[in-house]
Amino acid sequence: MSEPRILLCYRKDDMPVPSARSFTDACSKCGAAIWVAYSSPSDAKRICLLCAGPILKDPNTKLEVTESIAADAVAIMKRKPQ
Ligand SMILES: [Zn+2]
């Protein structure tokens with residue numbers, strides 16, 4: 001059995017230009033426009049960094065995320081009031 005995978009994506013609001021070749025999609029939680037890299041796994045659930053807060057704190061979540069994106073997510077969550 002495989003766990004559901006979560007792909008963290010930058011919101012277009014937070015990153016006007018994507019760092020990798022990306023297409024746009026909508027966050028599966030809040031519907032915000034997000035960047036999805038073409039190299040991302042297609043079977044992962046895509047969520048924006050703002051929705052990732054509670055998920056990042058859940059040790060059972062298997063994240064498809066690089067350490068740099070995780071650091072950016074923390075920075076963005078600190079910057080924006082919930
Ligand atoms: Zn979202």
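Q: In the hairpin of β2 and β3, which residue takes a positive phi?
A: One reads a hairpin by looking at the residues that link its two strands. Here the model is a predicted one, and six residues lie between β2 and β3. Among these structural details, G31 takes a positive phi near 80 degrees in the hairpin.

Q: In which sense do strands β2 and β3 pair, and over how many bridges?
A: Pairing is read from the direction of the strands and from the bridges that join them. Strand β2 covers residues 22–26 and strand β3 covers residues 33–37; they pair in the antiparallel sense, over five bridges.

Q: Which residues of strand β4 lie on its covered face, and which on its uncovered one?
A: The two faces of a strand may be read separately. In β4, residues 45–48, the covered face holds R46 and C48, whereas K45 and I47 form the uncovered face.

Q: In what order do the elements of the chain run from the N terminus on?
A: One lists the elements along the chain. The secondary structure comes to two helices and five strands, and the order from the N terminus is β-β-β-β-α-β-α.

Q: Which residues make up the largest nonpolar core?
A: In soluble globular proteins, nonpolar side chains tend to be buried together. In this chain, the largest nonpolar core has eleven residues: I6, L7, L8, C9, Y10, I34, W35, C48, L49, C51 and A52. The elements giving two or more residues to this core are β1 and β3, and β1 gives the most, with four.

Q: Where in the chain is confidence lowest, and where is it highest?
A: Confidence is read element by element as well as over the chain. The chain averages a pLDDT of 79, and 74% of the residues score at least 70. Confidence is lowest in strand β5, residues 62–64, at a mean of 65, and highest in β2, at 94.

Methods
Residues are numbered from 1 along each chain as its sequence is written. Two strands pair if DSSP finds at least two bridges between them. A residue is buried if 20 or more other C-beta atoms lie within 10 Å of its own, exposed if 12 or fewer, and partly exposed in between; C-beta atoms are placed from the backbone. A nonpolar core is a set of buried Ala, Val, Leu, Ile, Met, Phe, Trp, Tyr and Cys residues joined through C-beta atoms within 7 Å. pLDDT is the predictor's confidence in each residue, from 0 to 100.
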